[in-house]
Every structure is written in structure tokens, then in C-alpha cells.
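Here is a report on the contacts in this structure. It covers two interfaces, one after the other.

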Protein chains: 2
Amino acid sequence: MSDDTSNHPGSTGRTVSREIRLASRPSGWPTEENFEPAEVELPAPAEGRILVRNLYMSVDPYMRGRMNEGESYMPPFEVGKALDGGAIGQVVESRAPGLAAGDLVLHGYGWREYAVMDARQARKIEEILGVPISAYLGVLGMPGLTAYVGLLDIAAFKEGDAVFVSGAAGAVGSLVGQIARRKGASRVVGSAGSQEKIAYLTGKLGFDAAFNYKTASVRKQLAQVAPDGIDVYFDNVGGDHLEAALDAFRPYGRTAMCGAISVYNAAEPVPGPSNLFLAVGKRLTLRGFLVGDHYDRMPDMIEEVGAWLRDGKITFEETVVDGLENAPKAFVDMLRGANIGKMVVRLVH
Amino acid sequence: MSDDTSNHPGSTGRTVSREIRLASRPSGWPTEENFEPAEVELPAPAEGRILVRNLYMSVDPYMRGRMNEGESYMPPFEVGKALDGGAIGQVVESRAPGLAAGDLVLHGYGWREYAVMDARQARKIEEILGVPISAYLGVLGMPGLTAYVGLLDIAAFKEGDAVFVSGAAGAVGSLVGQIARRKGASRVVGSAGSQEKIAYLTGKLGFDAAFNYKTASVRKQLAQVAPDGIDVYFDNVGGDHLEAALDAFRPYGRTAMCGAISVYNAAEPVPGPSNLFLAVGKRLTLRGFLVGDHYDRMPDMIEEVGAWLRDGKITFEETVVDGLENAPKAFVDMLRGANIGKMVVRLVH
């Protein structure tokens, strides 16, 4: 390292940053072998740009889709280059108006310790008393907006609806159930992959019922926990869950199709639901969406969900993993369902 | 036959009527063995009721669903009892205000020569100059409304959309394509099951392109005829056609799910589309509907489609089969795709 390179905040020298790169594209479920650490030197920020030190980064299911070549709705990650994704950082050096050293920002350059970016790519965030800032990666961030828009706008939830959510203990699912409860659902049921999660759903989150999709057929278990049927299905997983929901739907039922973990990792095409034709007779609507189309709803979500958070009317969990070097494992574990609530990686502690 | 039984119009005696009954529930594709003729005596109409002699009856794909036990969205047909469905008849005797002998009516008691019904179950229709009255079973009837509502309301067609319709030479499909054309579609393509039908679509009906789904993969052929993708898919068949449409959809594409002939006759569950997850990234909407929910749109449809018909701006075909005894064969042939345009059975000639 030469004399004009420095890692001290506030300097205008070069900054050494560790990052995680995509080493190879996974076939099926990813492993840690698909990732590799690297070290880069970042230049001092030019005019209009900022240097940010990341405090938290997000690992999300959609990232799995980006690891495939051209199969996702977002640009694929490039082999040999750093991954990216939601992160919260602190401004170290700013050459842009409106942002100063010390400010907290939300941006898209995760999977690395430091990032230099155009200041317009960062959004300044404020701490909320009693709420950890990492909430901006979860309940008050992209997952929160996904739950809010998916339930209220895409699935057109209305008071009295019976709601089923899959992946219910995850970052999005846990909020879907609680919003439905707060908005007057007649029944809220969910699925998850462990008894611990089931207990969390029916205990802390106030779901009416929940089941472990690993222990018996989803179709049978959904029929048991929702004997009168469902009006809304919030689909985080696809596959057998969607098939079960199609069976359980009452007339005019609606599915918000949010993700399909069961498909992301499939090496072979997964057959679709064999009962999709039920959509005709039951007049069902299935609608896919990407949260990126709905940022205009962010202020509504932060206002409404933020108020519930402050009043203790909804709760959320995080699974926090420490250290950039553990981000690949955190990502793989999240895909396997090891987390309750939002999975985040803490980079500074 | 006793003296007080008479088959003469206008009498108040009993009327002998032939009818077609469901002899047994088909497994897979139905055959004529699943039907049986019978003869019944009808009483003279009581107060508020009418006696109708049927002139035309309809055979429609949805009837196949009703032949299964409890698997359809309408009450199943009962074994040993007459089938029913759309029919046009002439009032023979009326004991209800507003209807008189000689009036033409549309009603739901097909598959028989005569019917006695509550007058409120019959709708009086007027002949349109140059248009056969059987059109009220097709382009101006339930199939017409299905096409109109499915395209405009369910699939939310808008000017400039590229439209794909399967079963395009059928009663519904042929109208979907023509309405899309009249309403400013950027491209209209269809599939059908014979070269004769393909020629009909691209010739008389003005489709931009059409393909024979029997000669090569639907996926490949759709990609060829709609290289820039599609915005709307009007689904009359399900199965591989829906899968192909999911591939071909542009972002925000919409499917009106109208029927699934490929499913009605399947003895085993048919796997759903393996690419349904594309609905997320492309933000697709799939929506099933039943025309029976949309009778409020009938006046709009008759006004708009009726005007196009009078002005020669749309065309329609009928396949007319003579004789009640041939209705089972007509039905089976229709399911197999033997007809161009609406298949009807003429009972009086």
C-alpha cells in the first residue's frame, strides 16, 4: 500500500475494500463454492459522488435468480465480478450536496465493505427510536414494500378475506400475515419449514394457524387449516403451494405471485400446477409483480407500517450474521430456510 | 297415446318430445355411447309458463365439463336425465304475459324438441335482417359475449396490443380475433387444428398470421408468427398453448382464461405450464372468467357486434348439423375440432 492510499474515514486517498464475487454459476442449489472473496482499491469520490462504508447488507431470494445466466427479470450477476444488492451504510466522504460524512444511506451496493457511487443512487434514511436501522433492509424496506403492495394492490386484499401466505416466517411473509391481520382478515394462515417457525407464526405473529410443509402434503394441510377456503394467496414459493392454493380458493380468489424459491433452484423445469384450469370456474386471478414497479407506494408503506411498529402492533425478527466473509453462507442458509424473519449480514461490529 | 295427447301447436293437450340423455359419464374423450335418446310427454303449460318448440340448439365445449361428476363450475349433468344448454325456439303456447305463440325465444332447454318452462327463463329475440336467428347461439349470444368480455374486460385489451387466440376458428376465437382487429390491435395471430382453418383465419377473418398446432410445437410456431411477442392471450385450450403464451408475453401481458379443452377430456391430471414463474418477472396477469357473471354486458355486445355484422365488418361461420338424433355426434365432433365457427344443431327443417 503506498502512502497516498488510506483506509481512514474522511481521507481523500484510496480505500481498500473487500468484496464477494460470483465465482461460478450454480446449477440447482448454490453452495459457498459459487462465491469468492476479493480485495479492491477504490478511488476517492469524484464530484457528485460519495464514499460509503457499509454497515448492513441484505441477502434475498431474488438474488438466486440473478445468479443464472439471463433467466431472471433483472440483469444477471457477472461471473468474476462483485455481487450487489440492498445495503445500509454510513457516508465517509461526500462530494455531493445534501449528503455529509456520517449520514446513513440506503443503496444498492451490498456484498462489499465500501462503495463509491453517484449520490443520487443513495437515499438518506433516519433512525426511528427503538427500531434498528437494519429495518430499512426489511420491514421498512424492499421486503416491507413487497408485502404491502403484494397484499393490498396486487392481490387486492379486502376486509374479511381469508389469507394464506407461504414462506410465512420470512421477511416478506411475516409482514403479509400481520398486515392482513391489522386490516381485518377473517383468517390468516401460513406455511413454513420448521416447528420453530410454526410456533413463531401462531404465537408472536398472531396467525390463526400454520403448518410445516415438510411434514405432510401442502394440499392436505392447507385444507385442514383453512377448511372454509381462502380468498387471497401470497405466493413466495410456487410449486406445490400454488397447487394447494388453487384447490383451496373460493370463487374470485386472487394470487399475488411474488417469488418462486422452488423454481429458482431447480435444474430442470418444474411442472406447473396441474389444477390451473380451476382458475376458469372459480374466476381466479393470478398476478405476478416486481416490487421495483411500486416505489411510489414506499411513503404510504413507511407511514402505515412505521406507525404500527412504533405502537407495537406489529413485530419483526431479524437473523443477523456477522462478517462479510459469512455472507455467502448466510445467503445459502436463507434459501434453505434457516432464518426467521429478515436475514441480514452485519459488516461492522 | 291417448286422445287428449296432441302434438299440434296451439293445443292444450300433452306434447310428446324427444330428448337426449346422458347415458354414462365419459372417461376422457366422450363418444356417442355416452348419450341415449328418449321420449317424454310434456304437460300443457300452467299459469306463467310457456311451451316452446326448439328450432336450434347449441353444442359447446363447457358441456364436456358438466359431464364429469362435480368437477365443473356448473352443476353436473345427471346420468339418465336430459342434457341442457342454449337453444332457440318458437313459442307454441303461452300462459304468460309478454309472450305469444309464434314469438322467437332464447332459453336454456336445449337437447330436446319441446320444452315447457317459466316464461322468465326465456328471452324474446328479434330477427336481424340478413342474419340467421341461429346467430343468437353464436356471434350474438353466449359465445359472442364470451369473446367480447374476455378480450375487453378480462384481458383488458387496449389499442396497439398484439393478440394471440387459441381455438381461433371456433365460435369464440373467431370473434376474439375480429374484435381485436376492429379495436386496433397491432397484430392478431391464432392457432387452429387444420390447414383449412388456418386459411380461413388469415383469409376471411383477417388474422395477420395463424398456425396449425398439430404440425409442430406451439412454442416454436407462436415465436415465429409473433416474433415481437404478445400482450394478450385469449386461452380457449390450456396446456401447451398457455405455456407458449407465457414464453411469448411481453411485460404486463394478460391472459383471459376461458376454457381448457385440453383439460376437459384428460383422464389424468395435466401438468400445468412449467414456465408459470415467468408471471413474476414479466408482471403477467392470468384471469379466469365465466360468461355467466357478465350478462350485464350483453346489450353493449349486441349493439357493437350487431352494428359490425350489419355493416359487413365482421363475419361468422356456422357449422349446422341437422336432427336432434345427430346432436351427440355434433358435440363430439365439435370437441375434436371438426367445426369452423359455431356448431349448432337444427331441429326443424
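The side chains of A:K204 and A:E317 form a salt bridge, with N and O 2.6 Å apart. A salt bridge here is a side-chain nitrogen of Lys or Arg within 4 Å of a carboxyl oxygen of Asp or Glu. One salt bridge is found across the interface of domain 1 and domain 2 of chain A.

The model is predicted: local features need pLDDT of at least 70, side-chain atom pairs count only at pLDDT 80 or more, and totals for chains, interfaces and linings use all residues. Residues are numbered from 1 along each chain as its sequence is written, chains are lettered from A and ligands numbered from 1 in the order in which they are written, and side-chain values use heavy atoms, with hydrogens and water left out.

**Between the domains of chain A**

Domain 1 covers 15–137 + 317–346, and domain 2 covers 142–293. These bounds come from an automatic or database domain assignment. The two centres, taken over C-alpha atoms, lie 28 Å apart. Domain 1 of chain A puts 22 residues into the contact, and domain 2 of chain A puts in 15. Contact means heavy atoms within 4.5 Å.

Four residue pairs are in polar contact across this interface, both residues at pLDDT 80 or more. A polar contact is a pair of N or O atoms within 3.5 Å; within protein, one must be able to donate a hydrogen and the other to accept it, and residues adjacent in sequence count only if both atoms are side-chain atoms. On the domain 1 side, α1 (62–66) and α10 (327–336) of chain A each give two or more residues. The largest share, three residues, comes from α1(A). Helices (H or I, at least four residues) and strands (E, at least two) are DSSP runs, numbered from the N terminus.

**Between the chains**

In the contact, 28 residues of chain B meet 28 residues of chain A. B:L276, B:V280 and B:R283 lose the most area on the chain B side, together 22% of what that side buries. Buried area is the accessible area (1.4 Å probe) that two parts lose on being put together, summed over both.

| Interface | Buried area | Carbon and sulfur share |
|---|---|---|
| Chain B and chain A | about 2,300 Å² | 64% |
| Domain 1 and domain 2 of chain A | about 1,500 Å² | 59% |

Two salt bridges cross the chain interface. In one salt bridge, A:R283 meets B:D293, with the closest N and O atoms 2.7 Å apart. β12 (249–257), α8 (278–281) and β13 (285–288) of chain B each give two or more residues to the side that touches chain A. β13(B) gives the largest share, four residues.

How do the β13 strands of the two chains pair, and over how many bridges? They run antiparallel, over three bridges. Strands pair if DSSP finds at least two bridges between them. A:R287 stands opposite B:T285 in β13(B).
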